[in-house]
Amino acid sequence: MATKKQRPAAAVVHNNGHFTLTKQESHAVETTIQHWQLRHLASCLSNEIILLPRHNELQWVFIALFFFKKKQKLTMVPFLGTGVDDSIIPRPSGLNARLNCPLHPCLWMPSRREIQSEMDQQMNTLDLLFRHGYIAVAGPRGLAMVHKEDGTWQSGVFQTGSVMNNAICLWMARDEVRAFVCNNDQSIHVYNVPSMAPISVFRAPSAVNHIAVTSDGTQMLATSDTGVAYVYDIHTMTISVKIQSRLVSDESCVGCAWNDAGSMFAVTSQNGQVNVYDGQSHTMLCQLSSTEASATRRAARCIMFCRGPLDLLVYSEHVSQINIVDTRTFDQRQIMRLVPLEMDAHIAGVALSPNNDSLYVAMEDSMMELRLDLVSRRQFPSSTIPM
């Protein structure tokens, strides 16, 4: 008699991981959260430059300038477009002026006035991303913008619908950049960058909260308000065949991510669960739950896989805590509380430096810099290679 094939049991995760160095840095940088659920509001332009929204502005935050400030005891503000103190770096005049980055002479940034002239008058930031040399911003009332990193080009504000955009994603297809914009009316708009010519409009089964594309540009993962995650085939440069749909949660799914190899993906949900799946078979590898009891506080938000050989998964909770998980075995997790127990701090987003060295956690009135323990992650835990 045939027996029913059982799904492998998910790994048991112990909260005894240690993946960061002891030293942490807190930086006085404000980040404005415009929507209680959309928390993907941090992105690294380089190892030392982080992009964050503040009110209707975009901030370029130079990490090294904070250490320079502490050493020299100077009065200065973080780098907000061209917001460096004029006594240190002269500010160029004129709307179209560019400022040479003091740390990276080859990098030129858009002026603060130029960014504000668009952002202040027309849109807040609900989602942002830097990828393939472009900065993409999604906003309310269907508004969105795309900027070239070096400040030489911007799309201007364009509109995808009448309600808010939940997410924006940039994807490279056949040496051409595409922008995906997810509107809350269940539509996903695809544009060519930099021409911004519309390519297609796709209607999802429900409103999409976030999307992620594999590094080879062949599959797109989308999370929805109904708790279902969808995997689409996009190798034709448009959204075409739905490969898989899976009920992940009894509440809305919020964030999602692929690892570099496309061999696994992860989805966060409003009820605090994080599910990790095999990228090919779509079977569950691990299910994680928040340690918080409150229905609002325990929600899992922003999620990402570390690049290369570190094999770590990072996700934030609604307030105060981030989690770092070992994806080699899924048996260790490090839960980091960023503020004292008697306080709560809303987390706006998490960004990973391109060299895997640092995690930046943006909160409403500060930004925490956490250093990953790269040496231990590149070593085996014992003198023999595990079999």
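These legends walk through close-up views of a predicted model.

Local features are described where pLDDT is at least 70, side-chain atom pairs count only at pLDDT 80 or more, and totals for chains, interfaces and linings take in all residues. Residues are numbered from 1 along each chain as its sequence is written, and side-chain values rest on heavy atoms, with hydrogens and water left out.

**View 1**
Helices (H or I, at least four residues) and strands (E, at least two) are DSSP runs, numbered from the N terminus. Of the 387 residues, 56% count as buried; here buried means under 20% relative accessible area, exposed means over 50%, and partly exposed is in between, using a 1.4 Å probe and protein chains only.

**View 2. R337 with its salt-bridge partners E292 and D344.**
A salt bridge here is a side-chain nitrogen of Lys or Arg within 4 Å of a carboxyl oxygen of Asp or Glu, and the whole structure has 11 of them. R337 and E292 meet at 3.9 Å, N to O. That pair links distant parts of the chain, 45 residues apart: R337 belongs to strand 26 (residues 333-337), while E292 sits in the loop between strand 22 (284-288) and strand 23 (300-305). E292 counts as buried because its relative accessibility is 14%. R337, at 23%, is partly exposed. On the D344 side, the closest N and O atoms are 3.5 Å from each other. D344 is partly exposed too, with a relative accessible area of 41%.

**View 3. The salt bridge between R371 and D357.**
How far apart are the closest N and O atoms of R371 and D357? The gap is 2.6 Å. R371 lies in strand 29 (residues 367-372) and D357 in the loop between strand 27 (347-352) and strand 28 (358-363), so this bridge ties together parts 14 residues apart in sequence. R371 is partly exposed at 34% relative accessibility, whereas D357 is buried at 18%. Back around R337, salt bridges with shared partners join E292, R297, R337 and D344 into one network.

**View 4. The open sheet of strands 11-12-13-14, given in sheet order.**
Its four strands pair in the antiparallel sense. Two strands count as paired if DSSP finds at least two bridges between them. Strand 11 (165-173) and strand 14 (198-203) are the edges, each pairing on one side only. From one strand to the next, the twist averages 20 degrees; for such angles, axes are lines fitted to C-alpha atoms (for helices, over the stretch in contact), and values run from 0 to 180 degrees between N-to-C directions. Six bridges hold the antiparallel pairing of strand 12 (residues 176-183) with strand 13, and F180 stands opposite V190 in strand 13.

**View 5. H189 in strand 13 (residues 187-193).**
Is H189 buried or exposed? At 11% relative accessibility, H189 is buried. Leaving aside residues up to four places away in sequence, H189 touches T160, A179, F180, V181, S200 and V201. Its side chain also makes a polar contact of 3.1 Å with the side chain of S187. A polar contact is a pair of N or O atoms within 3.5 Å; within protein, one must be able to donate a hydrogen and the other to accept it, and residues adjacent in sequence count only if both atoms are side-chain atoms.

**View 6. Another open sheet, with strand order 15-16-17-18.**
This sheet has four strands with antiparallel pairing. Strand 15 (208-213) and strand 18 (242-247) form the edges, and each pairs on one side only. The twist averages 15 degrees from one strand to the next. Strand 16 (residues 219-224) and strand 17 (residues 228-233) run antiparallel and are joined by five bridges. Within strand 17, Y230 is the bridge partner of A222.

How values were computed
Contact = heavy atoms within 4.5 Å.
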